[in-house]
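Student: I have a model open and would like to work through its packing. Can we go step by step?

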Amino acid sequence: MNRKDKVRTASNSPTTYTGGITLKSKQEMDAMREAGAIVGATLTLLRRSVEPGITTRELDKIAYDNILSYGAKPAFKGYHGFPGTICASVNEEIVHGIPGKRVLKEGDIIKMDCGATINGFIGDAAISVPVGEVSQEATDLMNATKSSLEEGIKAAVPGNRIGDIGFAVQTFSEARGYGVVREFVGHGIGRFLHEDPQVPNYGQAGKGQLLRAGMCIAIEPMLNIGDWHTRVLDDAWTVVTADGSLSSHFEHTIAITEDGPEVLTTNY
């Protein structure tokens, strides 16, 4: 976003929203950890539940029930009218797939993006999961996407800039021949699902918003076997690869601390 480097600071009291970026207090960071742990546990359960024959709607119900069991609320359900608890995107679908009657079959890969809200704070993460036995091409794509996320996380340290994260993801991914989706990016996160700053998966090192301890961001590379361009289906939600190629997506919510990046959406 084309904003100056404004920062919303906080002590141990709730953040006052005055525009720009929030620095979370210790209490707020603890709430972020709780939300992140619920998301991580839900994705772990979803990973174990994926098998040929299950529908994306059944996976959505598993996520919904699990999030509620922790006393939390699904962060996505109703967000701008989205009908699901999770985004369930299969094969060439990149993100924002609507759960429904689709039956998963052997050889598919499914991307499941999940968010949970508790005590006013949100966790957000995504995984790509094979359905039964998948091709080596699909396995390599998923492994590369997860590794590119890890490279982005390493760059999320105080004193670096947003461009350092995107540069790390992009250089790792493109060196392996994958297209890095540009139209959809990561984001700040806290009391709202999408906060400043935007976190692209491409960029120039040393450019963009300064990273400071107390910031929380969601880093979420989306890699395609083919071109990086995308299009949106007629449901106005589901994003697919423009060339029909296979896509993978991984995401973590990260706290930037003086000791380095802390992954909040653990367990999956």
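This is a predicted model: local features need pLDDT of at least 70, side-chain atom pairs count only at pLDDT 80 or more; totals for chains, interfaces and linings use all residues.

Student: At what angle do helix α1 and helix α2 pack?

Tutor: Take α1 as residues 26-49 and α2 as residues 56-69. Their axes lie 10 Å apart. α1 passes α2 in a right-handed crossing. The packing angle is about 145°.

Student: How many charged residues are in the contact of α1 with α2?

Tutor: α1 contributes Ile38, Ala41, Thr42, Leu45, Leu46 and Ser49. α2 contributes Leu59, Ile62, Ala63, Asn66 and Ile67. By class, eight are nonpolar and three polar. The number of charged residues is therefore none, since only Asp, Glu, Lys and Arg count as charged.

Student: Which residues have the most contacts inside the largest nonpolar core?

Tutor: That core has 51 residues. A second, separate core has 14, including Phe76 and Cys216. In the largest core, the residues with the most contacts are Leu59, Ile110, Met112, Ile165 and Ile219.

Student: Which strands are the edges of the open sheet?

Tutor: Five strands line up as β10-β9-β11-β16-β17, with antiparallel pairing. Neighbours are turned by 30° against each other on average, direction ignored. An edge strand pairs on one side only. The edges are β10 (195-199) and β17 (260-263).

Student: Which residue of β16 is the bridge partner of Ile219?

Tutor: Ile219 also touches Ile165, leaving aside neighbours within four places in sequence. Strand β11 covers residues 216-219 and β16 residues 252-257. Four bridges join these antiparallel strands. The partner of Ile219 is His252.

Methods: Residues are numbered from 1 along each chain as its sequence is written. Side-chain values use heavy atoms; hydrogens and water are left out. Axes are lines fitted to C-alpha atoms, for helices over the stretch in contact, and angles run from 0 to 180 degrees between N-to-C directions. Helices (H or I, at least four residues) and strands (E, at least two) are DSSP runs, numbered from the N terminus. A crossing is left-handed if the near helix is turned anticlockwise from the far one by less than a right angle, and right-handed if clockwise. Contact means heavy atoms within 4.5 Å. A nonpolar core is a set of buried Ala, Val, Leu, Ile, Met, Phe, Trp, Tyr and Cys residues joined through side-chain atoms within 4.5 Å. Buried means under 20% relative accessible area, exposed over 50%, partly exposed in between (1.4 Å probe, protein chains only). Two strands pair if DSSP finds at least two bridges between them.
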